[in-house]
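Please read them with the coordinates open.

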Amino acid sequence: MSFLNVESIKKSFGKNEVLKDISFSLEKGEVLAIIGSSGSGKTTLLRCLNFLETPQSGRIIVNGNVLFDGGDPAKKTEAEIRKNRLHFGLVFQSFNLFPQYKVIENITLAPLLAAKEQIKTGGEYMGEKTYKKAAEAINKNAERLLSKVGLLEKKNDYPCNLSGGQQQRVAIARALALNPDVLCFDEPTSALDPELTGEVLSVIRGLKSSDSTMIVVTHEIGFAHDVADKIIFMDEGVIAEQGTPQQVIDNPQSQRTKAFLSRFNQFGD
């Protein structure tokens, strides 16, 4: 069994079937890029993986742990959903930083809440059994992550004082702070000016070299080709084609894929 297994995920909103039997797998440290036109179901798939939406059926398995196996979502408690959500980190299109908190507070807020909850029930967090010690470890880790994305000197700034690219890099550090098994990106550069796109893509490239398992929804076809181990092309709620970048982008077999890629000069035929 692979590190991540997504099996036969289906999701509808009323009569609109958005995801139609989506299945794929990833090994630890692999990067999957998901491409396709707007409305093809890419964001809904990420939201299902992060338990922001509940599929009608299917299975989600991470490192041998079955996180979702169809059934009635009402049977899942809010605590169970939060626990499952910790397996996935999600970086949104529009940053979603809290404007009233400093950069470092944006990164430490969720881990501090998780630490308080776990230690209160007799557990530990980041190897620490007291909240004070855990908080110190969380702050130290936040500074390490800010350094990793090149923004340690901005730790006491507020988001309004950062560029769009810097805010997205903070959002990446925030997602990493909970140490997710799989880090998901929902078109992380779509809200950025072209000159800021490169700095965010550079951070994601750096994460690949650190053995992070990632799923990236993107319209940056060249980036997907260079960074991804696997490519999925989605169209109208189905996987129309999947394989390596060389198979899907350089030598697509599906007419749907060919039509989509023809919009991009460097890869179109």
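## Notes on the predicted model

1. **A loop residue with positive phi.** Phe 95 sits in the loop between β6 and α3 (103-120). Phi of Phe 95 is near 70°, a positive value in a residue other than glycine. Phe 95 is also buried, at a relative accessible area of 12%.

2. Glu 187 belongs to the loop between β7 and α6. Its phi is near 45°, again positive in a residue other than glycine. Is Glu 187 buried or exposed? Glu 187 counts as buried, with 12% relative accessibility.

3. **Pro 188.** The loop between β7 and α6 also holds Pro 188. Pro 188 is buried, at 1% relative accessibility. Leaving aside neighbours within four places in sequence, Pro 188 is in contact with Gln 168, Val 200, Ile 204, Val 216 and Val 217. The C-alpha atoms of Pro 188 and Val 91 are 6.8 Å apart, although 97 residues separate the two along the chain.

4. **The six-strand sheet.** This sheet is open, and its strand order is β6-β7-β8-β3-β9-β10. The pairing is mixed. β6 (88-91) and β10 (238-243) stand at the edges. Each has a single partner strand, so one side of each is left without a neighbour in the sheet. From one strand to the next, the twist averages 20°.

5. **Strand β8.** Why is β8 described as largely enclosed by the rest of the structure? Five of the five residues of β8 (residues 213-217) are buried, so the strand is largely enclosed. Thr 213, Ile 215 and Val 217 point one way from β8, while Met 214 and Val 216 point the other way.

6. **Partners of β8.** Strand β7 (residues 182-186) pairs with β8 in the parallel sense over five bridges. Within this pair, Val 182 stands opposite Thr 213 in β8. The chain passes from β7 through helix α6 (residues 194-209) to β8, a β-α-β crossover that is right-handed. Strand β3 (residues 31-35) also pairs with β8 in the parallel sense, over four bridges. Here Val 217 in β8 is the bridge partner of Ile 34.

7. **On to β9.** β3 pairs with strand β9 (residues 230-235) too, in the parallel sense and over four bridges. Leu 32 has Lys 230 in β9 as its bridge partner.

8. **Nonpolar cores.** Which residues touch the most other members of the largest nonpolar core? In this core of 45 residues, they are Ile 107, Val 170, Ile 172, Leu 183, Phe 185, Met 214 and Ile 231. Take Leu 183. Leaving aside neighbours within four places in sequence, its contacts are Gly 89, Val 91, Ala 175, Leu 176, Leu 207, Thr 213, Met 214 and Ile 215. Another core, of 28 residues, lies apart from the largest one. Its members include Leu 45, Leu 46, Leu 49 and Met 234.

9. **The four-strand sheet.** This sheet is open as well, with the order β2-β1-β4-β5 and antiparallel pairing. β2 (16-26) and β5 (65-69) are the edge strands, and each pairs on one side only. The twist averages 20° from one strand to the next. Strand β4 (residues 57-62) is joined to β5 by four bridges. Arg 59 stands opposite Asp 69 in β5.

10. **Helix over the sheet.** Helix α1 (residues 42-49) lies across β1 (4-13), β2 and β4. The helix runs at about 65° to β2.

11. **Cysteines.** How many disulfides does the model contain? The count comes to zero, taking a disulfide as a pair of cysteine sulfur atoms within 2.5 Å. For Cys 48, the closest cysteine sulfur is in Cys 184, at 11 Å, so the two are too far apart for a bond. Cys 48 is buried, with a relative accessible area of 1%. Cys 160 is exposed, with a relative accessible area of 67%.

Methods
Residues are numbered from 1 along each chain as its sequence is written. This is a predicted model: local features need pLDDT of at least 70, side-chain atom pairs count only at pLDDT 80 or more; totals for chains, interfaces and linings use all residues. Side-chain values use heavy atoms; hydrogens and water are left out. Buried means under 20% relative accessible area, exposed over 50%, partly exposed in between (1.4 Å probe, protein chains only). Helices (H or I, at least four residues) and strands (E, at least two) are DSSP runs, numbered from the N terminus. Two strands pair if DSSP finds at least two bridges between them. A crossover is right-handed if, with the strands pointing away from the viewer, the path from the first strand over the helix to the second runs clockwise. Axes are lines fitted to C-alpha atoms, for helices over the stretch in contact, and angles run from 0 to 180 degrees between N-to-C directions. A nonpolar core is a set of buried Ala, Val, Leu, Ile, Met, Phe, Trp, Tyr and Cys residues joined through side-chain atoms within 4.5 Å. Contact means heavy atoms within 4.5 Å.
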